[in-house]
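User: I would like to go through this model and ask what lies behind each label. Please keep the answers brisk.

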Amino acid sequence: MAYHRKRRWTAPHNASRPRLHKARSTVSNVSPNSKHEPRIDDTPPKRNRDFADLLHALLALLVGVAVILFSIYLHGTASGVQSDVRSAGHAISWLMDVPTSLLQQLAIVFITVSVLIQLLVAREWLQSVVSILALILGFATIWGVSALISGSGNVTLIWALLSNGTAVGIGLLPDFYAAMAAFLTVAGPRRTRSGAKWGWNVLYTVAVLFVVLSWNSLSGVLVSFAVGRTLGMLIRFMLGTQTNGAWGNQVVQALRAIGIDVVSLSRRYSNGVESGVLKTTLDDDLTENSRIYDASDSDGIQYTVSVLDNQAHTPGYLNQLWQWVRLTGVSMRRDRSSFDTIHHHYAMILGLANAGLSTPTVYGVSDTAESSILVFHRDNMPLECNPNTMSDHDMERFMTYLSKAHRHGFTHRRITPETLSRMDDGQPVIAGWQNGDYGSAPPNYALDKVQLLVLLSALNGIDRAIACARRTWGDDQLIDLAPFIQKAAIPAATRALPTCDRYMLNSLRSRIAALAPQEVADSMEKVSLSRFSLRSFGAIALLVIAVYVVFTQIQPVEMIKAVREANIPMAALCVLFGLVAWLGSAMTLGGFMDPDKRNLIGLYCSQMASGFTAVSMPAGVGPAFVNLQFLRKSGYRSTTATAIMSAVWAVQGGTTVILLLTIGIFTGRNTLSGMIPTNTLILAIAIVALALSAAMAIPPIRHMVTEKYLPLVKSYARSLINILSRPKELAFGIAGALVLNIATGLGFWMALMAFGCHTNPVETTFIFLLANTLGSAVPTPGGLGAVEAALSVAFTAVGIPSTIAVSATLVYRIAFYWLRIPMGAIAMKWLDRHNLI
């Protein structure tokens, strides 16, 4: 394995060394031979863009949008809050005599003059000019927002923002707060500018007084503040803020505080090749966005000094925060300040060294101003390694290093190509543990090993990586990693490698799963790591549809009226038949499952859960989806689970058709005749056949179908035939389907009985099954709307009074649709808790 190290400066102590970047200005340039003054080579602090400003701008914008939405949709609540604020102001009613315009002018003059004086005294010429520009832009921006809202024509919103001191048009929102908020934001931050701090206090006080005096509305003030704050933060980010960290002599003093008598301190400057927001180097163990210095003390000992400023730490914190939001089931660190990051990094290195692992030699930590300093001994730092010449023995030593750290509770949590390094003695080590932690949970151990395994596979091939992992970790540990091998677990730096893609991950997971026994491989599924997967998006979409359906399609007045007029015992029997129908569908599904995989409570709950999916999926789709997921969690592979689910669907559909034909023949009902539009059916079949023939006539499509999809269809068909060819299971499934259909039909019969309409139960079941089947074919959630219309029209057509038909339909849908939604949600929660869906 070949290694190389990037050194920007390697002159030994006391040697005559060249000046680093002589074109740069220096904080101090005292002779190194001076007994008391060290030689310092550093650049003065400069303005940096703080990504926290962008985050604050986004939060301010969200607050403004939330206030506007609150004013529109919760106008009564907003008015009540505003009224309470004004009622609390009776104690200062004497302020009513103070001219509000005079108070506003005094506040503007005081804030502007005091802040500008402080900026000019500090010779912050650029910041003072930009602050004044921000004030002017604040006025212009709030006038534009006021004009947009006024032009929208939303009377509710306009009245919520309007007040005694404003008018419709460009003056709808109070401009004073936006202008001052933008000005103070750019002139700040308040933690370093006393003028800005007192300016904010005065502005808040005036805002409260004006709301109490009814001169401004609470909503208008909040929106104006949000607009000004957003504008100011964006300007401040573009302009940059002065870094208040430790520089030059301050670093020297901080080092002396921990016992290093510095005689030379020299800044290492970037070579300009780094890209991205997070910049790291092995010179200080991959500390993100740090400044690096070379220091020597009076004894000739050389140190590497890593300085991390709070402003420079913000991107790293945001990245940690994003990983914490993006991943689920694994813990992630969130170091809010540079002090937290450096102190934790120091503790991790000491802990790993105490566990007997090779690590950089750290001297200590010092904090000063808004910077935290980590000091290393320069002669024992990790070196870069050449991945192109990595041997199998090297890969095994990396895996052994990680396993030893895990045995002491340490996890890395971000293993990337740059973390693979070695020490001066040639031993491979994993560097950069600042994002890791100790006292870790099992998912974090698995995530570390997956990251290392995928990285080594991308660098040296899957075969070599798996062979090394089997020798180091063993087959059992390797098999346990298969569910964690997915894109969400891999850091972006590893995914950027040319050989690391979705196909490589799938191949690696398949190769590892092949090592497991067949029964283990069949039940193996991915562990949910990412919150933002296709599955979570689908769940959110279904929830939105469900909420829309519930709040737009429910007819509470008609339902309450129908229930009040119904015979309660009969309506209760209708609900009871709904529970029996679930039992029938559970029988059909359970009949095709192996006895050792049947969970009776789980089976029934899975059918209950289908009632919850009906609110967001077409009729029949929801139960099929739930059945498929339940079968997979019960240990069936996807092909077998799909075949069982299809068998359930086929048996239930076939039983319904046979039941309809049987009842129609023996009852003499001719309702079925004429229901099937023969010409339309033939035309539809002809169009489908024509499309299939034309597609198969194209060679690429034909080859794709015959080579890729036909084997899958054959495999699926064989599984389906095998399932349906078992007489005992088929008979049990048909029995369950009969229970389902008869219970559902008798449920509607009970709904009719609840309104005193006595009909033949067999004929009622026949008409119901026919109308319900046709209504359910409409692709609305649970057949909503179509089922009600089909049932009402069908029973009215056979002589049932329309008022009774409609009322009975509503009672039936309450029992078989609306009540199933909360019951299904409870059942789905139980299934999820027991890992059955």
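Analyst: Start with the voids: the structure holds five cavities of 30 Å³ or more. Keep in mind that this is a predicted model.

User: What is the volume of the second largest cavity?

Analyst: The second largest cavity comes to about 60 Å³.

User: What makes a residue part of the lining of the second largest cavity, and how many residues line it?

Analyst: A lining residue has an atom within 4 Å of a cavity point. For the second largest cavity, 13 residues form the lining. D285, T359, P360, Y401 and I430 lie nearest its centre.

User: Which elements each supply at least two residues of that lining?

Analyst: Helix 11 (338-354) and strand 12 (428-430) each supply at least two.

User: How does the lining of the second largest cavity divide by class?

Analyst: The lining has 10 nonpolar, two polar and one charged residues.

User: Why is D285 called buried?

Analyst: D285 has a relative accessible area of 2%. Buried means under 20%. D285 is therefore buried.

User: Where is D285 placed, and what is its phi?

Analyst: D285 is in the loop between strand 5 (262-268) and strand 6 (291-297). Its phi is positive, about 60 degrees, although D285 is not a glycine.

User: Which loop holds N289, and what is the phi of N289?

Analyst: N289 also sits between strand 5 and strand 6, in the loop. Its phi is positive too, about 60 degrees, and N289 is not a glycine.

User: Why does N289 count as buried?

Analyst: The relative accessibility of N289 is 15%. The cut-off for buried is under 20%, so N289 counts as buried.

User: What makes T640 partly exposed?

Analyst: T640 has 29% relative accessibility. Partly exposed is the range between the buried limit of 20% and the exposed limit of 50%. The value falls in that range, so T640 counts as partly exposed. T640 belongs to helix 24 (residues 638-667).

User: How far apart are T640 and R718?

Analyst: In sequence, T640 and R718 are 78 residues apart. In space they are 9.8 Å apart, C-alpha to C-alpha.

User: Why are C385 and C500 called buried?

Analyst: C385 is at 11% relative accessibility. C500 is at 8%. Buried means under 20%, so C385 counts as buried and so does C500.

User: Which members of the largest nonpolar core touch the most other members?

Analyst: They are W433, L452, L453, V454 and W473, in a core of 51 residues. Helix 11, helix 12 (392-407), strand 12, helix 13 (442-460), helix 14 (462-472), helix 15 (475-481) and helix 17 (502-513) each supply at least two residues of this core. Helix 13 gives the most, with nine.

User: What does L453 touch, leaving out residues up to four places away in sequence?

Analyst: L453 touches M399, A465, A469, W473, L478, L481, L508 and I512. A second, separate core of 36 residues includes L659, L740, L791 and Y812.

User: How do you know that S146 is buried?

Analyst: S146 has a relative accessible area of 0%. Buried means under 20%, so S146 is buried. S146 lies in helix 4 (residues 125-152). Leaving out residues up to four places away in sequence, S146 touches G169, I170, G171, L172 and L173.

User: Why is A182 called buried?

Analyst: The relative accessible area of A182 is 0%. The limit is under 20%, so A182 is buried. A182 is part of helix 6 (residues 175-187). Beyond four places in sequence, A182 touches A134, G138, G228, L231 and G232. A182 and S131 are 51 residues apart in sequence, with 7.8 Å between their C-alpha atoms.

User: What share of the chain is buried?

Analyst: Buried residues make up 47% of the 837 residues. The chain has 31 helices and 12 strands.

Technical notes. Residues are numbered from 1 along each chain as its sequence is written. This is a predicted model: local features need pLDDT of at least 70, side-chain atom pairs count only at pLDDT 80 or more; totals for chains, interfaces and linings use all residues. Side-chain values use heavy atoms; hydrogens and water are left out. On a 1 Å grid over the protein atoms alone, a cavity is a set of points where a 1.4 Å probe fits but cannot get out, and a pocket is an open set with protein on both sides within 12 Å along at least five of seven lines; lining residues have an atom within 4 Å of a point. Grid points are joined across faces, edges and corners, and a volume is the space filled by probe spheres set on the points. Helices (H or I, at least four residues) and strands (E, at least two) are DSSP runs, numbered from the N terminus. Ala, Val, Leu, Ile, Met, Phe, Trp, Tyr, Cys and Pro count as nonpolar, Asp, Glu, Lys and Arg as charged, and the others, Gly among them, as polar. Buried means under 20% relative accessible area, exposed over 50%, partly exposed in between (1.4 Å probe, protein chains only). A nonpolar core is a set of buried Ala, Val, Leu, Ile, Met, Phe, Trp, Tyr and Cys residues joined through side-chain atoms within 4.5 Å. Contact means heavy atoms within 4.5 Å.
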